[in-house]
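I opened my notebook to record what I looked up in this structure. The entries follow the order in which I worked.

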Amino acid sequence: MTKIPKTYRVKSFGCQMNVYDGERMAELLAAEGMTPASDGADADLVVLNTCHIREKAAEKAYSDVGRLRRDDGSKPIVALAGCVAQAEGAEAKARSSLIDLVVGPQAYHRLPQMVAAAAKGLRPVDTDMPAISKFGALPARRKVGPSAFLTVQEGCDKFCTYCVVPYTRGAEISRPFADVVAEAEALVRGGARELTLLGQNVNAYQGGLDQLIRAIAAIDGLERIRYTTSHPADMSDALIAAHGEVDKLMPYLHLPVQSGSDSILKAMNRSHTAESYLRTIEKVRAVRPDIAISGDFIVGFPGETEEDFQATLSIVDAVRYASAYSFKYSARPGTPAAAMEGAVSAEVMDDRLQRLQARLAEHSLAFNRATIGKDTTILIDRKGRLPGQMIGKSPWLQSVFVETDAMIGDMVDVSVTHALPNSMGAILTTAKAA
Ligand code: 5AD
Ligand code: SF4
C-alpha cells in the first residue's frame with residue numbers, strides 16, 4: 001500500500017466518550033484535507049473506534065476488521081482505535097494482517113502521522129499514555145450540532161473489580177479548567193446549545209466539577225448543561241448544591257450503583273454502600289426534587305445470591321430510577337473479578353436481568369407518566385418517523401415526540417400528553433392555547 005488516503009470513515013462503538021473521540025479523530029483527518037466517505041461508498045481509510053466493555057469485545061473488533069476486505073480482494077487502510085486497540089497493542093497486528101495501524105485513546109492526536117506511515121507500508125502502533133494530554137495537540141472545533149459532548153476528564157483510579165477502564169483508559173486525568181472553558185465557548189460559537197461534560201469519572205474533575213459548571217453556565221447562548229458519568233463517592237456537597245442553584249444544569253443525574261447488596265458492592269470495590277448511595281440521592285432530591293436519576297446495574301456478579309439480588313430490586317424501588325442500563329456480569333480478562341469464585345449460571349443471570357429490567361421499566365413509566373400535563377421545553381435533535389414530527393429532549397432527558405415545523409436545534413415549548421417507558425408525546429403549548 002503506497003497511497004495517501006483521500007476519504008475516511010470513523011466507526012465508533014460503545015460509550016459517549018468514544019463518540020466524542022471519534023468526532024475528534026474525524027476532525028483531525030479533515031484538518032489534513034481528507035473528506036468523509038459518502039454513505040455507501042468505500043473509504044480509503046477506516047478507523048474502527050472500538051469499545052472493550054462488553055463480552056468478546058476483541059473478537060467482535062477482529063471480525064469487524066475482517067469485514068472490511070472488499071469483494072475484489074482490496075481493502076482500505078485500517079486503523080484500530082479505542083479501548084480494544086489499547087488492550088491489544090502490537091498483538092493486534094499479529095492477529096490480523098488487515099490492520100495497518102493501532103492507536104490507543106490517549107495517542108490519537110498522532111493519527112495523521114500514523115496514517116501517513118501506514119500509507120508507506122509501515123504498521124505503526126501507539127498505545128502510550130503520556131502524562132501530557134493529547135488535547136493540546138488537537139485542532140480547534142468548528143461546526144457542531146445543537147447538543148455537543150465535551151471531554152473534561154479521562155481515565156479512572158477506582159479499580160472496580162469487574163472493569164477494564166482503569167487499564168484501557170489509564171489513570172484519572174483532568175483537562176485544565178481554562179482549556180475546557182475555551183472549548184465550551186468555541187462549541188457554543190459553533191452552534192451548540194447544550195453541552196454534556198464527559199468523563200469516565202467526571203465528578204472527580206480536579207478543578208471541581210461544580211466550579212466548572214458555574215463557569216460554563218456563564219456562556220451566553222448556552223442553554224443546557226449535563227454531565228456523565230459520575231461515581232457516588234465523588235458526589236460532593238458543592239456539586240449537589242449546583243443542582244439547586246445553576247438553572248442551566250439540567251435535572252438529570254446518571255449515578256451508577258451497580259448493586260444494592262453491600263457484600264457485592266464490597267467485592268466490586270465500589271467504595272459506597274446501599275445506604276450511603278441512598279443518602280446521596282436524598283441530598284440531591286432535597287435541592288432538586290424533580291431530578292431524574294439514572295443508573296447502571298450488573299446482575300450475576302460472582303457470588304451474587306438471590307438475597308443480594310433482592311437487595312438490588314429494593315434499591316431500585318427506593319430510588320425510583322427514571323432510566324437505567326442493566327447488564328449481565330461478564331468476566332474481563334485481567335480484572336480481579338475474573339479470578340473470583342462463585343460464578344452465577346447463565347440461566348440465573350438471564351432470569352435476574354429480566355426481573356430487574358421489568359422492575360426498572362415500571363419505574364421509568366411511572367416517572368414519565370408523572371410528566372403528563374406538565375409544560376416544559378424540548379431541544380429538537382432529530383426528525384420523527386411521521387411527516388411533520390420532530391423529536392427533542394426534555395430537561396429530564398426523555399425523548400419527546402411533537403408535531404411542529406420547528407427545526408433541529410430549536411427549543412420549543414410543549415405540553416406533555418403521552419408517556420411510554422422510553423418516550424413521550426407532546427403538543428406545542430401555543431397549539432394548546434389556540
Ligand atoms: N460486566 C458487565 N457489566 C459491566 N460494566 C462494566 N464492566 C462490566 C462487566 N465486566 C457495566 C457497568 C458500568 C457500565 C458502563 O458497564 O455497569 O457502569
Ligand atoms: Fe470502571 Fe469503576 Fe472506574 Fe466506572 S468507576 S470506569 S466502573 S473502574
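**Entry 1: the barrel**

I began with strand β18 (residues 411-419) and strand β19 (residues 424-428), which pair in the antiparallel sense over 5 bridges. Two strands pair if DSSP finds at least two bridges between them. Helices (H or I, at least four residues) and strands (E, at least two) are DSSP runs, numbered from the N terminus. Across this pairing, H418 stands opposite G425 in β19.

I then followed the strands around and found a closed barrel of 5 strands in the order β15-β16-β17-β19-β18, with mixed pairing. From one strand to the next, the twist averages 55°.

I noted where this comes from: the model is predicted, local features need pLDDT of at least 70, side-chain atom pairs count only at pLDDT 80 or more, and totals for chains, interfaces and linings use all residues. Residues are numbered from 1 along each chain as its sequence is written, chains are lettered from A and ligands numbered from 1 in the order in which they are written, and side-chain values use heavy atoms, with hydrogens and water left out.

**Entry 2: domains in the record**

I checked UniProt, where an unreviewed entry places the feature "domain: TRAM" at residues 369-430. UniProt positions are given in the numbering used here, feature names are shortened, and annotations may be inferred rather than shown by experiment. Over residues 369-430 I read 5% helix and 53% strand, with the end C-alpha atoms 22 Å apart.

The unreviewed UniProt entry also places "domain: MTTase N-terminal" at residues 6-120. Over residues 6-120 the chain is 41% helix and 19% strand, and its end C-alpha atoms are 15 Å apart.

**Entry 3: the open sheet**

I traced 3 strands that form an open sheet in the order β7-β10-β11, with parallel pairing. Its edge strands, β7 (147-151) and β11 (224-228), each pair on one side only. Neighbouring strands of this sheet are turned by 25° against each other on average, direction ignored. Axes are lines fitted to C-alpha atoms, for helices over the stretch in contact, and angles run from 0 to 180 degrees between N-to-C directions.

Strand β10 (residues 194-198) and β11 pair in the parallel sense over 5 bridges. In that pairing T196 stands opposite R226 in β11. Helix α7 (residues 177-189) packs on the sheet and touches β7 and β10, and its direction makes about 165° with that of β7. Contact means heavy atoms within 4.5 Å.

**Entry 4: two helix pairs**

I looked at helix α8 (residues 209-217) and helix α9 (residues 237-245), whose axes come within 8 Å and cross at roughly 30°. α8 and α9 are therefore roughly parallel to each other (angles under 35 degrees count as roughly parallel). The α8 side of the contact is L209, D210, I213 and R214, and the α9 side is A238, L239, A241, A242 and E245. These residues divide into 6 nonpolar, no polar and 3 charged. Ala, Val, Leu, Ile, Met, Phe, Trp, Tyr, Cys and Pro count as nonpolar, Asp, Glu, Lys and Arg as charged, and the others, Gly among them, as polar.

The axes of helix α12 (residues 306-319) and helix α13 (residues 346-369) come within 10 Å and cross at roughly 10°. That makes α12 roughly parallel to α13.

**Entry 5: ligand and backbone**

Which residues surround ligand 2? I listed C156, K158, F159, C160, Y162, C163, V165, P166, N201, H231 and R270. Each has a heavy atom within 4 Å of the ligand. By class, this shell has 7 nonpolar, 2 polar and 2 charged residues.

Most residues other than glycine have a negative phi, and most peptide bonds are trans. I found the peptide bond from T228 to T229 to be cis, with omega near 0°. T229 is in the loop between β11 and α9. Q258 has a positive phi, near 75°, and lies in the loop between β12 (252-254) and α10 (262-267).

Methods. Parallel < 35°, antiparallel > 145°, perpendicular 65-115°, else oblique.
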